[in-house]
Amino acid sequence: MAVETAVAPPDAPTASPRRIREPRSDKILHAIMLTLLCLFTLTIIYPFVYIVSASFSDPTAVISGEMWLWPVGFSLDAYQAVLDYPAITRGFLNSLLYSGAAMLVGTAVTLMGGYALSRRDLVGNGPITMIFVLTMMFSGGMIPTYLVVKDLGMLNTIWAMILPGAVSVWQLIVTRTFFQVTIPHELLECSRLDGANDLRFFAQVVIPLSKPIIAVNLLLYGVATWNAYFNGLIYLTDESLYPLQLVMRNILLENTFDPSKMANADPTRIAAMQQLADKLKYALIIIASVPPLIAYPFVQKHFVKGMMIGSLKG
């Protein structure tokens, strides 16, 4: 017996898929989360917008509280005052040199150390890793570190800003975990069958597959060195070697005053010094923030991927 099959005409409307309605509780939760994220975003964006506006505003308006979001009494006096200090340009270039060198040296050492610790056939893998982890909780202290730097002849050299912090143990552990998760042991065995030794395998296989963790290390080492001033404070006495952060600190200290020591000083001079300090403060923050803000968008994609993979235990 033939079974007749109903065929819809070509112009007949097709039934749209039924849309699943979102529960009311989910809608409320999404609204709450969106509100919290917006508030959190404002707490991050507003201080930066305020600093940018203050750097272009009249210092009197900033001190009086008249300026709270947009510039008031637009002025470039703050940046003109910055240009009056040649040490700022020299410190900026020094910081670029220190950060660039620290990025390259730190990333190279961390990649090599992390890969070695990720190998299961490394003799003493566990004890060596434990020794590294112990240094995160215990250290020799500032004075022994200073004596080591001094005995190595690194005082008043660029190496004092690079080598003492060349390896971050936390980044070393993250890099090791990344290699454990991303680089399978079978890939090493296949490379050995093709005649590749460990060095060639690391250079031609591991490094090309490690762009995310390389980006993570470059960014973290670069930002850490860029923001550091304490090493320069204790290891450098030659002002021509000062990083930007140390130059900024000295300029702000020079333009602050102690009221107890200036009781008989001219009030007009005191007010001028206070305004100059306020001008420089906001302008220097903007200048110091520019390089990290420029660098981050280029590594953001790899940064997120590298952190997520490197933070998982394989």
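What pLDDT does the protein chain average, and how many of the residues score at least 70? The protein chain averages a pLDDT of 79, and 81% of the residues score at least 70, where pLDDT is the predictor's confidence in each residue, from 0 to 100. The structure is a predicted model, in which local features need a pLDDT of at least 70, side-chain atom pairs count only at pLDDT 80 or more, and totals for chains, interfaces and linings use all residues. Residues are numbered from 1 along each chain as its sequence is written, and side-chain values use heavy atoms, with hydrogens and water left out.

The secondary structure of the protein chain comprises 13 helices and 0 strands. These elements are DSSP runs numbered from the N terminus, helices being H or I with at least four residues and strands being E with at least two. Confidence in the protein chain is highest in α4, at 89, and lowest in helix α13 (residues 267-310), at a mean of 70.

Of the 314 residues of the protein chain, 32% count as buried; buried means under 20% relative accessible area, exposed over 50%, and partly exposed in between, with a 1.4 Å probe and protein chains only. The accessible surface of the protein chain comes to about 20,200 Å², and 67% of this surface belongs to carbon and sulfur atoms. Accessible areas come from the Shrake-Rupley method with a 1.4 Å probe, and for residues only the protein chains shown count as cover. Among the contacts in the protein chain with a separation of 6 or more, 72% are accounted for by residues 24 or more positions apart, contact meaning heavy atoms within 4.5 Å.

Ser99 provides an entry to the individual helices. Ser99 is placed in helix α4 (residues 86-118) and is buried, with a relative accessible area of 6%. Not counting residues up to four places away in sequence, Ser99 touches Gly222, Thr225 and Trp226.

Two packed helices are described by the angle between their axes and the distance between the axes. For helix α7 (residues 169-182) and helix α10 (residues 211-227), the axes come within 10 Å and cross at roughly 175°. That crossing makes α7 roughly antiparallel to α10. Axes here are lines fitted to C-alpha atoms, for helices over the stretch in contact, and angles run from 0 to 180 degrees between N-to-C directions; angles under 35 degrees count as roughly parallel, over 145 as roughly antiparallel, 65 to 115 as roughly perpendicular and the rest as oblique. On the α7 side, Trp170, Gln171, Val174, Thr175 and Phe178 meet Pro212, Ile213, Asn217, Leu220 and Tyr221 in α10. The residues of this contact divide into 7 nonpolar, 3 polar and no charged, where Ala, Val, Leu, Ile, Met, Phe, Trp, Tyr, Cys and Pro count as nonpolar, Asp, Glu, Lys and Arg as charged, and the others, Gly among them, as polar.

Asn156 is found in the loop between α6 (142-151) and α7. Most residues other than glycine have a negative phi. Phi of Asn156, however, is near 60°, a positive value, and Asn156 is partly exposed, with a relative accessible area of 31%.

Leu252 lies in helix α12 (residues 244-254) and counts as partly exposed at 26% relative accessibility. Leu252 is 26 residues from Asp278 in sequence and 8.8 Å from it in space, C-alpha to C-alpha. Apart from neighbours within four places in sequence, Leu252 is in contact with Ala277, Leu280, Lys281 and Leu284.
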